[in-house]
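Visitor: I am new to reading protein structures. Please take me through one, feature by feature.

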Amino acid sequence: MVLFPNAKINIGLYITSKRPDGFHELETCFFHVPWTDIIEISPSDTFEFSSSGLPISGEIKNNLCYKAYQALAKDFQIPPVHIHLHKIIPMGAGLGGGSSDAAFTLMGLRDFFNLALTNEQLVPYAQQLGSDCAFFLSQHAQLGKGKGDELSPISSSLVGYHVLLTYPNFGISTQEAYAQVKPQAPTYDLTTSISLPIEQWKDCISNDFELSLFPKYPILAQIKQELYDQGAIYAAMSGSGSTLFGLFKKEVDTNQWADFTCFQGLIS
Ligand SMILES: C[C@](O)(CO)[C@H](O)COP(=O)(O)OP(=O)(O)OC[C@H]1O[C@@H](n2ccc(N)nc2=O)[C@H](O)[C@@H]1O
Ligand SMILES: Nc1ncnc2c1ncn2[C@@H]1O[C@H](COP(=O)(O)OP(=O)(O)OP(=O)(O)O)[C@@H](O)[C@H]1O
């Protein structure tokens with residue numbers, strides 16, 4: 001079985017308070033984007049995990065695909081499998097690649113072994129694996145609250161837009177990014193702003209992580225400006241960075257981004 005876990009972008013991200021468990025309460029809108037990893041699940045006599053593509057730091061036992069297998073194997077008698085991950089989505093990028101791998105592994109194992117579980121019933125497994133993970137069990141854009149895993153669908157859509165993702169070839173640790181944020185009341189009401197035409201988003205939707213990360217990494221602010229100079233209708237950082245994205249009405253020339261790792265895709 002072959003799976004294509006996709007990345008996400010956050011449109012708007014407000015960090016409103018720090019919780020007693022050390023996590024933060026936030027409000028954000030998650031959208032799917034078509035940059036994907038590849039996972040293959042095949043039968044095996046013993047559990048095996050292998051990877052190719054971008055090197056993934058950390059031990060195999062900490063890989064989210066392995067953790068997803070273990071989470072399901074605790075509650076269901078599933079035979080061993082070989083999971084191969086071909087890593088394409090950059091890490092420490094704010095694109096949720098690891099979380100997507102975890103969610104797709106849960107859904108893949110469910111289908112591979114015909115487990116009687118709906119995506120909704122997989123949510124508690126996803127929540128154990130990461131705050132972003134539950135979003136990838138859904139097909140459509142979602143408003144995320146709480147740790148980012150309390151989701152409700154939104155009607156806004158990016159279908160027909162071209163998205164350009166620019167990863168500046170360095171990652172930012174999510175944990176460190178949160179540690180530098182001063183929680184505050186949202187600057188704008190995200191539910192109202194996200195329902196406005198995309199052309200208006202730049203005046204009423206922002207990402208709180210930009211406030212602390214742009215002064216630390218001035219290149220990020222420069223990339224955002226260049227995306228607007230190139231004609232983006234909306235440009236921002238995704239999640240805790242380091243990727244900046246631009247939304248465009250037409251395909252754009254990516255020659256000027258040759259120094260970065262970039263992806264351009266039509267949202268369908
Ligand atoms: C920045 C976002 O990508 C926005 O969607 C997410 O909030 C991050 O989600 P994630 O990568 O799935 O994060 P997790 O793996 O759950 O947590 C990584 C670290 O980020 C911090 N963290 C994460 C989520 C949250 N609501 N508050 C936090 O403070 C914690 O220090 C945690 O140890
Ligand atoms: N399947 C996986 N793919 C990528 N990274 C993984 C995976 N499993 C565990 N990790 C660890 O998670 C770290 C962060 O990777 P991830 O792709 O989730 O980053 P991110 O873009 O910062 O995500 P987010 O937007 O959720 O904060 C990696 O450096 C790696 O050590």
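Guide: Start with the idea of a shell. A residue is near a molecule if its C-beta atom, placed from the backbone, lies within 6 Å of it. Helices and strands are DSSP runs, numbered from the N terminus. Keep in mind that this is a predicted model.

Visitor: Which elements each supply at least two residues of the shell around ligand 1?

Guide: They are β3 (24-36) and α4 (174-179). In total, 18 residues surround ligand 1. The closest are F23, G130, S131, D132 and G239.

Visitor: How do the residues of that shell around ligand 1 divide by class?

Guide: Three are nonpolar, 13 are polar and two are charged.

Visitor: Now ligand 2. Which residues come nearest?

Guide: The shell around ligand 2 has 23 residues, and L64, M91, G97, G98 and D101 come nearest. Two or more residues each come from α1 (64-75), β6 and α2. The largest share is four residues, from α2. By class, the shell around ligand 2 holds seven nonpolar, 13 polar and three charged residues.

Visitor: What does the UniProt record list as "binding site"?

Guide: The unreviewed UniProt entry lists P90, M91, G92, A93, G94, L95, G96, G97, G98, S99 and S100.

Visitor: Is M91 buried, exposed or partly exposed?

Guide: Count the neighbours. A residue is buried with 20 or more other C-beta atoms within 10 Å, and exposed with 12 or fewer. M91 has 15, so M91 is partly exposed. M91 is in the loop between β6 (81-87) and α2 (97-112). Leaving out residues up to four places away in sequence, M91 touches L54, I56, G97, G98 and G171.

Visitor: Where is S100, and is S100 buried or exposed?

Guide: S100 sits in helix α2. S100 has 28 C-beta neighbours inside 10 Å, so S100 counts as buried. With residues up to four places away in sequence left out, S100 touches P5, N6, A7 and F136.

Visitor: Let us step back to the domains. How many residues of domain 1 are in contact with domain 2?

Guide: The chain is divided into domain 1 (2-153) and domain 2 (162-266). The centres of the two domains, taken over C-alpha atoms, are 22 Å apart. In the contact between them, 24 residues of domain 1 meet 33 residues of domain 2. On the side of domain 1 that touches domain 2, β2 (6-18) and β3 each supply at least two residues. β2 gives the most to that side, with 10 residues. By class, this side of domain 1 has 14 nonpolar, eight polar and two charged residues.

Visitor: How do I read strand pairing? Which strands pair with β11?

Guide: Look for bridges and for direction. Strand β9 (residues 162-167) pairs with β11 over five bridges, in the antiparallel sense. There, L164 has G246 as its bridge partner. Strand β10 (residues 234-237) also runs antiparallel to β11, joined by four bridges. In that pair, Y234 stands opposite L247. β10 and β11 form a hairpin with six residues between them. G239, in the turn, has a positive phi of about 50°.

Visitor: Is β11 largely enclosed or largely in the open?

Guide: Count its buried residues. In strand β11 (residues 244-248), four of the five are buried, so β11 is largely enclosed by the rest of the structure.

Visitor: And strand β5: enclosed or in the open?

Guide: β5 (residues 48-53) has six residues, and the number buried is zero, so β5 lies largely in the open. β5 runs parallel to β6, with six bridges joining them. F49 stands opposite I83 in β6.

Visitor: What does the record say about residues 202-253?

Guide: The unreviewed UniProt entry annotates residues 202-253 as "domain: GHMP kinase C-terminal". Over that stretch the chain is 46% helix and 17% strand. The end C-alpha atoms of the stretch are 22 Å apart.

Note on methods
Residues numbered from 1 in each chain as written. Chains lettered and ligands numbered in written order. Predicted model: local features only at pLDDT ≥ 70, side-chain atom pairs only at ≥ 80, totals over all residues. UniProt positions renumbered as here; feature names shortened; annotations may be inferred. Contact = placed C-beta atoms within 7 Å. Nonpolar A, V, L, I, M, F, W, Y, C, P; charged D, E, K, R; others polar. Domains from an automatic or database assignment. Pairing = 2+ DSSP bridges.
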